[in-house]
Amino acid sequence: MGQTAEKLLELLEQYGGDEKQILRENRELEYFYALSDMRENLLEWYPFGREDALLQIGSGFGAMTGLFADRAGEVTVLDGDEEDLAVNRRRHGGRDNINYVNCTLDEYAARAAKGGGTAPGGAGLYDCVTLVDGLGENPEETIALAKSLVRPGGVLLLAADNPLGLKHWAGAPAEAGAMGRTRLLELLPGAECYYPLPDYRAASEIYSDGRLPGKGDLTGMVISYDYPQFLRTDVGASWDKICQEGSFREFANSYLMVWRRHG
């Protein structure tokens with residue numbers, strides 16, 4: 001069992017499932033990303049359909065699964081890591097609208113293709129597919145497979161770290177599979193692009209192309225939790241310059257893409 005998953009299961013048992021108390025007494029960033037309800041801010045505003053069949057690609061220890069189960073009709077959580085799924089089941093396994101599938105994305109998509117457009121178990125393609133826990137080592141392939149599981153008229157919700165994001169210039173490490181806005185739009189033509197700040201894992205504000213920040217809007221922005229102790233730049237002053245020059249889209253820390261399949 002993975003070290004993080006094993007420790008999370010131990011903590012959930014020790015604290016009787018009290019996630020807020022776990023976070024108060026255990027300050028590790030990995031536990032925050034797994035258990036904090038701030039993770040839900042990324043999509044709490046999104047109008048999921050009450051009858052939607054939703055596929056969550058990547059369990060993420062269940063950080064977003066509760067939100068999806070509350071908002072959608074049926075949720076399938078797909079992950080090749082059984083230990084990650086075990087934490088998710090410990091947190092949300094009592095809900096009757098969640099199915100857990102221990103399978104890699106490429107295996108799952110291949111089985112769906114052989115089924116003539118149906119996912120394993122006979123379900124049709126999904127009204128909503130979410131990919132909001134990192135893109136991994138092969139982001140182009142991951143995105144293509146995720147798109148293949150969206151039904152006509154359905155939507156793919158995808159979050160990505162931006163390798164050119166200001167937080168990386170300040171010293172924060174880039175994620176595996178980080179991808180800039182131009183490449184994302186090439187892979188997801190016609191997608192709507194949103195800009196969660198400080199980043200997609202702990203969003204406190206979300207901007208859009210219809211409402212971008214201006215000079216002064218981000219001066220006091222809370223810095224990302226994965227910033228290094230010693231910053232390479234004055235983040236507030238840098239945001240001001242970036243916004244003043246009209247370059248916010250290129251230097252945003254991360255992106256949320258909303259892509260719809262038309263026909």
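Guide: Rings of Phe, Tyr and Trp (its six-membered ring) pair if their centres lie within 6.5 Å; planes under 30 degrees apart count as stacked, over 60 as edge-to-face and the rest as tilted. This is a predicted model, in which local features need pLDDT of at least 70, side-chain atom pairs count only at pLDDT 80 or more, and totals for chains, interfaces and linings use all residues. Residues are numbered from 1 along each chain as its sequence is written, and side-chain values use heavy atoms, with hydrogens and water left out.

Visitor: How many aromatic pairs does the structure hold?

Guide: It holds 9 aromatic pairs. In one of them, the centres of Trp 45 and Tyr 46 are 5.8 Å apart and the planes stand at 80°, so this pair is edge-to-face.

Visitor: Is Tyr 46 buried or exposed?

Guide: Buried means under 20% relative accessible area, exposed over 50%, and partly exposed in between (1.4 Å probe, protein chains only). Tyr 46 has 8% relative accessibility, so it counts as buried. Trp 45, at 36%, is partly exposed.

Visitor: Which rings are linked into a cluster?

Guide: Ring pairs join Trp 45, Tyr 46, Phe 48, Phe 68 and Tyr 194 into a cluster.

Visitor: What charged end sits over the ring of Trp 259?

Guide: A charge sits over a ring if NZ of Lys or CZ of Arg is within 6 Å of the ring centre and within 35 degrees of the ring normal. The charged end of Lys 147 takes this position over Trp 259, 5.0 Å from the ring centre. Arg 201 lies over the face of Tyr 33, with 5.7 Å to the ring centre.
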